[in-house]
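Student: I have just opened this model and would like to find my way around it. Could we go through it together, one question at a time?

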Amino acid sequence: MATATPMWRTFGEEWPEFNDGLNYQDRVRPADAGLTMIEFYSRKYKNSAPLQGWLQRIQNKQIMVDGVVVSNPDARLRPGAQLLYHRLPWKEPNAPHLLEVLFEDEHLIALNKPSGLQVLPGGLFQQRTVLTQLQWRERKLSSSSAPGEQNPVPVHRLGRGTSGILLCAKTKLAKSCLAAYFADGTSIVQGKKFSNPEVMRTRKIVKIYRALAKGVISEDEVVIEQPIGVIRYPGVAKGLYVASPSGKPALSNVRVLERQVENNWTLVEVEIQSGRPHQIRIHLSSIGHPLIGDPLYIDGGQPRGFDPDLFDDNFAQDGYVNFLL
């Protein structure tokens with residue numbers, strides 16, 4: 001029987017000033033054979049930097065071909081060649097580094113994730129993540145005991161600005177089981193089985209959040225079934241999630257906990273039957289009650305406009321310091 005361990009109730013190492021940079025790999029396809037180095041990168045990754053930016057990166061010796069640094073922008077590429085572009089280290093935005101352990105046994109660890117900390121690498125945050133702290137902790141534990149097969153990883157995500165319980169698997173078995181439990185909840189939504197109590201009773205994981213919404217919600221309970229889709233958005237390479245009739249099904253059950261008429265806000269408890277990105281933010285704003293302090297989503301579940309915090313301007317520090325000026 002699994003037993004919880006009391007050690008390491010709070011852990012976390014301070015972040016170094018700069019991360020280690022990033023490596024991006026490519027293989028030259030037959031269609032690209034014969035292109036020069038500068039032609040390949042400036043055409044394929046023109047959204048990362050203009051031609052002058054890629055020229056400086058090449059001359060800075062940030063690109064390797066088959067393991068050899070090539071600083072000649074006019075070097076011709078042969079089919080099948082392995083390319084590696086090294087993005088220079090950068091200073092990531094501030095983020096908390098301490099994590100509280102709520103529960104831990106040999107299979108899983110439950111963390112209290114603070115607001116402001118990203119779960120997995122992405123965008124500006126490649127090192128300052130929950131995953132990094134878990135890896136550092138495991139390395140420290142392994143050095144003081146016999147090496148094991150544990151490799152703790154988060155099995156779901158919480159938004160960077162969201163605090164709450166984050167489940168992390170410590171073994172392959174736990175990871176596969178927890179992933180199946182989370183997927184089971186999403187499949188219910190995809191199957192449109194919203195009101196089937198028998199189905200809901202079989203769910204092994206329930207996700208409940210508390211949020212402070214703008215305005216006074218008159219109903220005690222609200223069911224939101226607004227689909228969530230993706231639109232093109234400046235600075236977000238894969239697009240931004242918004243309320244969209246052509247999006248994927250999503251369901252949120254909202255229950256009012258407290259109303260503050262004089263301050264014009266409502267404290268709500270939200271149970272989500274799906275795990276779409278930014279679901280609570282989008283759903284509450286779609287009914288005219290966006291989260292207080294949300295810089296992005298406004299009434300209707302749409303973005304208010306370009307958010308500079310979402311734009312990865314640190315590429316300006318990577319081989320071409322003037323291209324954004």
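Student: Is Trp15 buried or exposed?
Tutor: This is a predicted model, in which local features need pLDDT of at least 70, side-chain atom pairs count only at pLDDT 80 or more, and totals for chains, interfaces and linings use all residues. Residues are numbered from 1 along each chain as its sequence is written, and side-chain values use heavy atoms, with hydrogens and water left out. Buried means under 20% relative accessible area, exposed over 50%, and partly exposed in between (1.4 Å probe, protein chains only). Trp15 has 13% relative accessibility, so the word for it is buried.

Student: How are the rings of Trp15 and Trp136 arranged?
Tutor: Rings of Phe, Tyr and Trp (its six-membered ring) pair if their centres lie within 6.5 Å; planes under 30 degrees apart count as stacked, over 60 as edge-to-face and the rest as tilted. The structure holds 7 aromatic pairs. For Trp15 and Trp136 the centres are 5.6 Å apart and the planes stand at 50°, so this pair is tilted.

Student: How many residues apart in sequence are the parts that this pair ties together?
Tutor: Helices (H or I, at least four residues) and strands (E, at least two) are DSSP runs, numbered from the N terminus. Trp15 lies in the loop between strand 1 (10-11) and strand 2 (22-27), while Trp136 belongs to helix 3 (residues 130-143), so the pair ties together parts whose separation in sequence is 121 residues.

Student: And how do the rings of Tyr24 and Tyr85 pair?
Tutor: Tyr24 sits in strand 2 and Tyr85 in strand 5 (residues 82-87), so parts 61 residues apart in sequence are tied together. Tyr24 is partly exposed at 33% relative accessible area, whereas Tyr85 is buried at 4%. Their ring centres are 5.7 Å apart and their planes at 15°, so the pair is stacked.

Student: Which residues do ring pairs link into a cluster?
Tutor: Tyr24 and Tyr85 both belong to it.

Student: Which ring does the charged end of Arg137 sit over?
Tutor: A charge sits over a ring if NZ of Lys or CZ of Arg is within 6 Å of the ring centre and within 35 degrees of the ring normal. Arg87 lies over the face of Trp90, at 3.6 Å from the ring centre. For Arg137 the distance to the ring centre is 4.8 Å, and the ring is that of Phe11.

Student: What is the bridge partner of Ala211 in strand 15?
Tutor: Two strands pair if DSSP finds at least two bridges between them. Strand 10 (residues 207-214) and strand 15 (residues 265-272) run antiparallel and are joined by 8 bridges. Ala211 is on the covered face of strand 10, together with Lys207, Tyr209 and Ala213. Its bridge partner is Val268.

Student: In what order do the strands of the open sheet come?
Tutor: The sheet has 4 strands with antiparallel pairing. Strand 2 and strand 4 (68-69) are the edge strands, each pairing on one side only. Strand 2 pairs with strand 5 over 6 bridges. The order is 2-5-3-4.

Student: How many of the residues of helix 6 are buried?
Tutor: Helix 6 spans residues 279-286. Its buried residues are Gln279, Ile280, Ile282, His283, Leu284 and Ser285.
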